[in-house]
Each structure stands twice: as C-alpha cells, then as structure tokens.
Amino acid sequence: MTTKKKKTGGLAGVVAGQTAICTVGTEGKGLDYRGYSIFDLAEHATFEEVAFLLLYGELPMIKELDSFKARLRSKRALPEAVAQTLEKIPATAHPMDVLRTGCSMLGVIEPENSFDDQLPTAERLLATFPSMLAYWHRFVTDGTRIDFESNEDGIAGYFLEKLHGKAPSDLMREAMDCSLILYAEHEFNASTFTARVCTATLSDMHSAITGAIGTLRGPLHGGANEAAMELIEKFSTPDEAEAGIMEMLANKSLIMGFGHRVYTVSDPRNEVIKGWAKRLGEEVGDTVLYPVSERIADVMWREKKLFPNLDFFSASAYHFMGIPTALFTPIFVLSRVSGWAAHVIEQRSNNRLIRPGAEYIGPGSRDFVAIEDREPDGGMV
Ligand SMILES: CC(C)(COP(=O)(O)OP(=O)(O)OC[C@H]1O[C@@H](n2cnc3c(N)ncnc32)[C@H](O)[C@@H]1OP(=O)(O)O)[C@@H](O)C(=O)NCCC(=O)NCCS
C-alpha cells in the first residue's frame, strides 16, 4: 500500500504567536472578530463599526462611532506630495503597486514619530487608501483630479462615488460595505504575518503596512480575486465552464478562488458574499457570470471537494459594481488595513523580535579554495 506523503513547509499548522483579535477555522469553518461571529457582523454592523472593533477592542457606542466616522471623513484628503507621486505612476502600473507606493509616500510626508501616534496613523491610512486608489485610477483613465469632498459618510459609499464620479445605488453601497467587513481581518495570514514581523523589529506602521500590501498582492493570497475574475470571464455558459474546469483539473492547474490553508469544511465568508453577488447580478441583469461561477463551484466540489473562498464570489460581486478587475485586490487593502493595524498595535503591546530558525540542508563543512584554484563546476559561467 502506498501512502501519500504529507506536505511540509509553509509553517502549516504552526502556532506562531498569540492574538486576541480573531479566530479562523474553528471546527473547520468558523470566523470571529474579537469574539463576534462574522455572520452577525456582516448582517448587523457597518464596516466602520467593525474597523473600530478591530482597532479599539470593543464595538463602539453611538457617540464613539459618530466621532470615529467624523475623524475618518476629516482625514480623507491626500497631501499634495502624495497626490503628485500618484500622478507620476503610469497607467500600466498595477494598482497594488500604487497603494504600496502611496502608503510608503504617506509615511515619508507624515511619519509615525512615536508609537503614541499609532491609532491616528491607522485611522489616516484607513481614510486615505480609498482616496489614493480612486485618485490614481481617475487620473490615469480620464485625467480627472478628484477632490475629496463627499456627502457619503462611510468608506464604501465614498470609494464607489469617487471611483465612478457619481453616488452608488443603495444595493452597491451596502454590498461594498459588507465585503469590506468580510475582508477586514483573518488572523495570521501571510500579509498580516508580514506586518507583525516588520513591527516586531520596532519599525513604523507605514513600513509594516507597505510590506503587507506587497505580500497581499500575490495570487495565492489577495491576488486570487483578480485571477478568479480572469478565469470566470473566459466562459460564456455554465457548460463551457464545466468543460474548461475539467480540462484545467486534468492538467493539474490551480483554480483561483478555491481552497484554503486553514478552513477545511467551508469559508464562512463565501455564503455571505455569494448572496450579494446574486443580488447584484439581478440588479444589473446578469445572465452569465453568476451561473458560470455557480457551476465552477459545483464542479470543484464534485471533483476535488474544494470550496470557494471569499475571493471567488467577490470577483463577480465587484464586477457587477462596475469595478475594473485590477482594482479588486486593492479593495482588499482598503479593508484589511484595519486588521493589519490592529495586529501592529497588538504586536507592540507584547513585543518580541520574530526570528525563527531554519533546518540547514546545504553542503557540509568545506575547505576554502582560492579563486585561481577553483575547478569549473560546469553549471555556471
Ligand atoms: C489557498 C492555498 C494557497 C492553500 O494552499 P496550501 O494550504 O499550501 O494547500 P496545498 O497547495 O498544499 O493544496 C493541497 C492539495 O489541494 C490542491 N489544491 C488546493 N487548492 C487548489 C485549487 N485552488 N485548485 C486546484 N487544486 C487545488 C493542491 O494542488 C494540492 O494537491 P496535491 O496534494 O495533489 O498536490 C491553495 O488552496 C491555493 O493555491 N488556492 C488558490 C489561490 C487562492 O484562491 N488563494 C486565496 C486564498 S484565501
């Protein structure tokens, strides 16, 4: 009998620290932010309430939420130097690089001078990322220099208004708000862990978040929602999608938006975002993308017992909101900055340098050979 070799590496199953912010994958499918179920938060809270919960530890009272939102509104405008930097980034750039650069530039112009500034710094990032993304996008697509005034009091509506130059429908504002809640936090995922490693050297908030954005960019992490869209768009009927996915599976291709390192039963965020994708599809009269997405999910479960993660139905939801595919992962940043910043703050509260060991698998001890005496190894020129 042959037994399949268990995959190692990637710190899978390793507990790398303690957190009071989030639990993921309890019973293979749970997700709680500071003890509150993602289902309750998605149904009853707004993104700003959730961001407050993550940053300050408790759900806000009405007065606290009002003043948090007022502070965020007052912090939306970009410094001139950041706007000018964004204008220099070409239209061909990936928008994740835009946010990475914008975050870093904001840290140059408004450095976090002391850890006492950490909460105002986190709020400033939360408030300015939607402005950065919309500013650059509009500047390179139609030459508009957007202003930062708006009657939209939440991040979801503000971002959609600035992106499209008009107020969003109520359904779109609500769907975006919910998607920001779903993306806000996810324990020690790769980008959050990056932020914590950086923070543990006693570096600044902007460096930690800039590193996290770079980590999120990859298709095995946040980039999966863009990759999922590119896949779904290839098919014009569910039958075509089924045939295409079967062929990809036969070729051992990865199907983006499926599978998860921690969840084993399902990704709880999927059923929430799937509901929004369906409603948005109905609002815009879609007859293709949603049925194709559903069929892909059915085939993946039937063939591989793999379930869609949050990224899969986020793709069609964002598409129905008229958002260009390249902006999907950056929207993840607009939300996840709340979780990243909460982890930066938590790491600082009980810090120790994060520096794991490695198992050495290279050559044993060897004598040094002077350069003129070295034999060519045939491999390198
Ligand atoms: C998320 C992900 C990186 C987790 O990776 P991981 O924990 O290292 O899991 P593995 O890559 O070891 O996957 C285990 C097996 O399932 C297969 N598998 C996992 N996800 C798959 C997918 N999306 N499509 C096809 N096969 C998949 C792997 O090929 C592997 O098969 P093997 O044992 O025959 O080699 C992985 O599922 C993936 O690449 N998914 C697609 C990208 C994605 O959606 N990322 C967003 C995550 S929220």
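**View 1. Polar contacts between the ligand and the protein.** A nitrogen atom of the ligand sits 2.7 Å from a polar backbone atom of Ile255; a polar contact here is a pair of N or O atoms within 3.5 Å, and within protein one must be able to donate a hydrogen and the other to accept it, with residues adjacent in sequence counted only if both atoms are side-chain atoms. Leu220 also uses its backbone: one of its N or O atoms there is 3.1 Å from a nitrogen atom of the ligand. With Arg261 it's the side chain, where an N or O atom lies 2.7 Å from an oxygen atom of the ligand. On its own the ligand has 860 Å² of accessible area, and the protein covers 70% of that (Shrake-Rupley method, 1.4 Å probe).

Keep in mind that this is a predicted model, where local features need pLDDT of at least 70 and side-chain atom pairs count only at pLDDT 80 or more, while totals for chains, interfaces and linings use all residues. Numbering runs from 1 along each chain as its sequence is written, and side-chain values use heavy atoms, leaving out hydrogens and water.

**View 2. The shell around the ligand.** Count 20 residues around the ligand, with Ile255, Gly257, Phe258, Arg261 and Asn309 the closest; to be near, a residue needs a heavy atom within 4 Å. Sorted by class, the shell holds nine nonpolar, six polar and five charged residues (Ala, Val, Leu, Ile, Met, Phe, Trp, Tyr, Cys and Pro are nonpolar; Asp, Glu, Lys and Arg are charged; the others, Gly among them, are polar).

**View 3. His260 and the annotated pair.** An unreviewed UniProt entry gives the annotation "active site" to His260 and Asp311. His260 belongs to the loop between α12 (238-250) and α13 (268-284); helices are DSSP runs of H or I, at least four residues, numbered from the N terminus. With a relative accessible area of 29%, His260 is partly exposed (buried is under 20%, exposed over 50%, partly exposed in between; 1.4 Å probe, protein chains only). Its side chain reaches the backbone nitrogen of Val262 at 3.0 Å.

**View 4. Asp311 and its surroundings.** Asp311 lies in helix α15 (residues 310-320) and is buried, at 9% relative accessible area. Its side chain makes a polar contact of 2.5 Å with the side chain of Tyr183. Beyond four places in sequence, the contacts of Asp311 include His221, Asn225, Gly257 and Phe332 (contact means heavy atoms within 4.5 Å).

Definitions and conventions:
UniProt positions renumbered as here; feature names shortened; annotations may be inferred. Helix = DSSP H or I, 4+ residues; strand = E, 2+ residues; numbered from the N terminus.
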